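Have a look at it first, then read on.

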Amino acid sequence: MSNVWDARAAAYVDSDAHRGGADLEQLVAWAEGARSALDVATGGGHVARRLRDEGIDVVTLDPSPGMNPDVISRAEDLPFADASFDVVACRTAAHHFADPAGAVREMGRVARDRVLLVDTEFMGEEAEQAEALRDPSHVRNYSEAEWRAFAEAAGLRVADVEHFEHAFDLAAWLARTGCEGDEAERAVALLGERVHDGRLTLRKIAVRAVKP
Ligand SMILES: C[S@@+](CC[C@H](N)C(=O)[O-])C[C@H]1O[C@@H](n2cnc3c(N)ncnc32)[C@H](O)[C@@H]1O
């Protein structure tokens, strides 16, 4: 998988869909008061950039060397001692993880205070098929109930949940993973009314989970 992501690195740094959005600003607001943070699955580094803007010391982590993280590692196996960071954040990445429950458990272990999670929300099986067609590294989007279960199994308390509609350019979304031709047409058909005027709107979920 690292090779796939290394090849995509520049596209994720430049991506309008990832550079900003209400979900990113929510995550930054929830990080208020933190002095240190770990950005898990940093990708193009947008979470780290915004948290550093707020004066927080950020360590970035990603398994793909091409993303230039500070630490190369999977979320499921974090190479840090317990309670190493005030905040642990992970945005728009868990849908690629082999073991999301294990990743949340690891994030809870290395967080001193809170874990901030953002991802595309489960929108039904047709949307799942579209995501998998567009990107074979897609594993699954999760519902609010599943996110709550991951957090609770990790010994965290869910303190806040927010939902967002996130709209962005459809052609750029397909191009980022090299999805074209018949596969692109099938993916767009499966997305139905979520595609309008060349824009795709996906639902996102943000979770603030705290250490008890
Ligand atoms: C869409 S990008 C992340 C976007 C970024 N967090 C942002 O807010 O713009 C997904 C990232 O997940 C990383 N990734 C894939 N599997 C992973 C795993 N098991 N643990 C941690 N990161 C993983 C990929 O290398 C890639 O950089």
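## A word on handedness, then α5 and α7

A crossing counts as right-handed if the near helix is turned clockwise from the far one by less than a right angle, and left-handed if anticlockwise. Keep in mind that this is a predicted model. With that in hand, take α5 and α7: their crossing is right-handed. Helix α5 covers residues 100-110 and helix α7 covers residues 144-153, and the two pack at an angle of about 50° with their axes 8 Å apart. That angle makes α5 oblique to α7.

Who does the touching here? On the α5 side it's Pro100, Ala101 and Val104, and on the α7 side Trp147, Phe150 and Ala151. Sorted by class, the contact of α5 with α7 comes out as six nonpolar residues, with no polar and no charged ones.

## α3 against α4

Next up are helix α3 (residues 22-30) and helix α4 (residues 46-53), whose axes come within 10 Å and cross at roughly 45°. Angles from 65 to 115 degrees would count as roughly perpendicular and those under 35 as roughly parallel, so α3 ends up oblique to α4. The crossing of α3 and α4 is right-handed.

From α3, the contact draws on Leu24, Glu25, Leu27 and Val28, while α4 brings His46, Val47, Arg50 and Leu51.

## α6 against α9

How do α6 and α9 run relative to each other, roughly parallel or roughly antiparallel? The axes of helix α6 (residues 125-134) and helix α9 (residues 181-191) come within 8 Å and cross at roughly 160°. Anything over 145 degrees counts as roughly antiparallel, and α6 and α9 are therefore roughly antiparallel to each other. As for handedness, α6 passes α9 in a left-handed crossing.

The α6 face of the contact consists of Glu126, Ala127, Gln129, Ala130 and Leu133, and it meets Glu183, Arg186, Ala187, Leu190 and Leu191 of α9. In class terms, the contact of α6 with α9 holds six nonpolar, one polar and three charged residues.

## Around the ligand

Some polar distances are worth a look in your viewer. Asp62 places a polar side-chain atom 2.6 Å from an oxygen atom of the ligand. Glu76 also uses a polar side-chain atom, this one 3.0 Å from a ligand nitrogen atom. With Arg91 the backbone is involved: one of its polar backbone atoms is 2.8 Å from a nitrogen atom of the ligand.

How values were computed: Residues are numbered from 1 along each chain as its sequence is written. This is a predicted model: local features need pLDDT of at least 70, side-chain atom pairs count only at pLDDT 80 or more; totals for chains, interfaces and linings use all residues. Side-chain values use heavy atoms; hydrogens and water are left out. Axes are lines fitted to C-alpha atoms, for helices over the stretch in contact, and angles run from 0 to 180 degrees between N-to-C directions. Helices (H or I, at least four residues) and strands (E, at least two) are DSSP runs, numbered from the N terminus. Contact means heavy atoms within 4.5 Å. A polar contact is a pair of N or O atoms within 3.5 Å; within protein, one must be able to donate a hydrogen and the other to accept it, and residues adjacent in sequence count only if both atoms are side-chain atoms. Ala, Val, Leu, Ile, Met, Phe, Trp, Tyr, Cys and Pro count as nonpolar, Asp, Glu, Lys and Arg as charged, and the others, Gly among them, as polar.
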